[in-house]
Amino acid sequence: MPTSVTMPRLGESVAEGTIGAWLKQEGDLIERDESLAEVITDKINAELPSPVAGRLVKILIQADETVPVGTEIALIEESADVASEGSPAGPDAAPVDSVQEAKTPLSEPQYATGVTHANGANGADGRKEDEERQRISPLARRLAREHDVDLNEIAGTGAGGRVRKEDILAYVDQRQNASVSSGRTPAVAAAPVAPAPKPAPVAPAAPTRPAAVASELTASGDEIIVPSRMRMAIAEHMVRSKRTSPHATTVVEIDMTNITRWLAKNKEEFKRREGYGISYVPFVMKAVCEGIRKFPIINSTWTEDNKIIIKRNINLGMAVSTDTGLVVPTIYDADQFTLAGLAKQVNALAQRARANKLTVQDMQNSTFVVNNPGVFGTIISMPIINQPHAGILSMDAVVKRPVVIEDDAIAVRSMMFMCLSFDHRLLDGAGAGGFLQAVRTKLQSYGRDIDVY
């Protein structure tokens, strides 16, 4: 029986996706995790890996069609010996990407190396076009046109030498940096933005209105209607979460003084040594992992048939604010990392999110979410659960204020409020409070000298 491939959910607020292009055609052999199609959403563009090895027998949704998350888009006839039949990339092709291995999804995408694509300039036109289709993803081809890049100058890092989106972006960055360092103006500095039409002689009539979005005036003329697919998707997800889970929220106050002092003393040296920064977030994530070990029900989900499924792997979702909206990529097996390791993963995911380089795997399989609105100066925030999780934790701003310590003395300490919104079907106040107490105890247990390794 054929294996169904469905439209993935590429973001906590994404309700639908568009097939940008099919990278395989009906009848093609495909290996597990080999790129099958380009999927586009309001959040990210990503290449969808095949869930199994086999033959693509049916394409159900055509390019440029938009369908809801979970819709069947293709059927693959599974086969255990696809590799022995030979793949379109040929016997010398590099191994296929495997970013979905159980313990390795956190590293930067593991592209195949050591393969340089052939020029193919002397072949027949039809054969040349076939080779181009095989080694260049449609998204990469569009980027190449936008940035005026000669694809023959780029060695693809994908399977079989495929030129991918990441290759184009890396090449453009390298070219721009080289131009800047040599004192020349980068030839493509403005390429990502459509050639800015010179302000044509437009009559200076009405006051300037926001031109970044398509909008229209109401009949009265004093209101603007602004359509937004992204906000519509977020609205659907938030309403569904509130309708699905009986939300309850509990708050604790945590003394972060020792961690604050350590960061003030060591974070600059840490960044110079490691090449990435460290903040409060890894400390909170580490404490959350320990809290989940003591209260596994926090890492669970409620099923439609009224059962509880407790997840063994602790995969922490990390809310990241980007120019296009909120995304929640996943740190897989977060409990296996040291504080320094968590800092590295937080930094890598945040950079990929803001550069629109997240993969399908980055956006899936989280079991609990840590949110950090404190970077915006919030004091107390009550988040909405990311379905189908049991809860979501918000860490707010660390603020100095006078508190009562031992012997009724008053001291200035660095304090933080932490809020847990939880699904009351899965947790009662005692369990939620016990989890937060475990998190607080861990965070307050750090002394002045902290070993982050």
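Biologist: Which residue just after helix 8 takes a positive phi?

Modeller: Bear in mind that this is a predicted model. Helix 8 covers residues 339-354. Just after helix 8, a phi of about 60° turns up, and the residue that takes it is Asn-356.

Biologist: How far apart are the end C-alpha atoms of helix 8, and what should its residues span?

Modeller: Helix 8 has 16 residues, and at 1.5 Å a residue they should span 22 Å. The end C-alpha atoms agree with that, being apart by 23 Å.

Biologist: How many of the residues of helix 8 are buried?

Modeller: Buried here means under 20% relative accessible area. Leu-339, Gln-345 and Arg-352 are among the residues of helix 8 that pass. Helix 8 is largely enclosed by the rest of the structure, because the buried count out of its 16 residues is 12.

Biologist: Which helices do the buried residues of helix 8 pack against?

Modeller: Part of the packing is against strands, namely strand 14 (316-318), strand 15 (320-322), strand 16 (325-327) and strand 17 (330-331). The helices on the list are helix 6 (257-274) and helix 7 (280-294).

Biologist: Let's take Met-318 in strand 14. Is it buried or exposed?

Modeller: The cut-off for buried is under 20% relative accessible area. Met-318 has 6%, so it counts as buried.

Biologist: What separates the C-alpha atoms of Met-318 and Pro-329?

Modeller: Along the chain, these two residues are 11 residues apart. They are also in contact. Their C-alpha atoms are separated by 5.7 Å.

Biologist: Last one, the open sheet of 4 strands: which are its edge strands?

Modeller: The order is 1-8-6-3, with antiparallel pairing. Strand 1 pairs with strand 8 (residues 72-78) over 4 bridges, and Thr-6 has Glu-72 as its bridge partner in strand 8. An edge strand pairs on one side only, and that holds for strand 1 (3-6) and strand 3 (29-30).

Definitions and conventions: Residues are numbered from 1 along each chain as its sequence is written. This is a predicted model: local features need pLDDT of at least 70, side-chain atom pairs count only at pLDDT 80 or more; totals for chains, interfaces and linings use all residues. Side-chain values use heavy atoms; hydrogens and water are left out. Two strands pair if DSSP finds at least two bridges between them. Helices (H or I, at least four residues) and strands (E, at least two) are DSSP runs, numbered from the N terminus. The expected span of a helix is 1.5 Å times one less than its number of residues. Buried means under 20% relative accessible area, exposed over 50%, partly exposed in between (1.4 Å probe, protein chains only). Contact means heavy atoms within 4.5 Å. Lists of a residue's contacts leave out its neighbours within four places in sequence.
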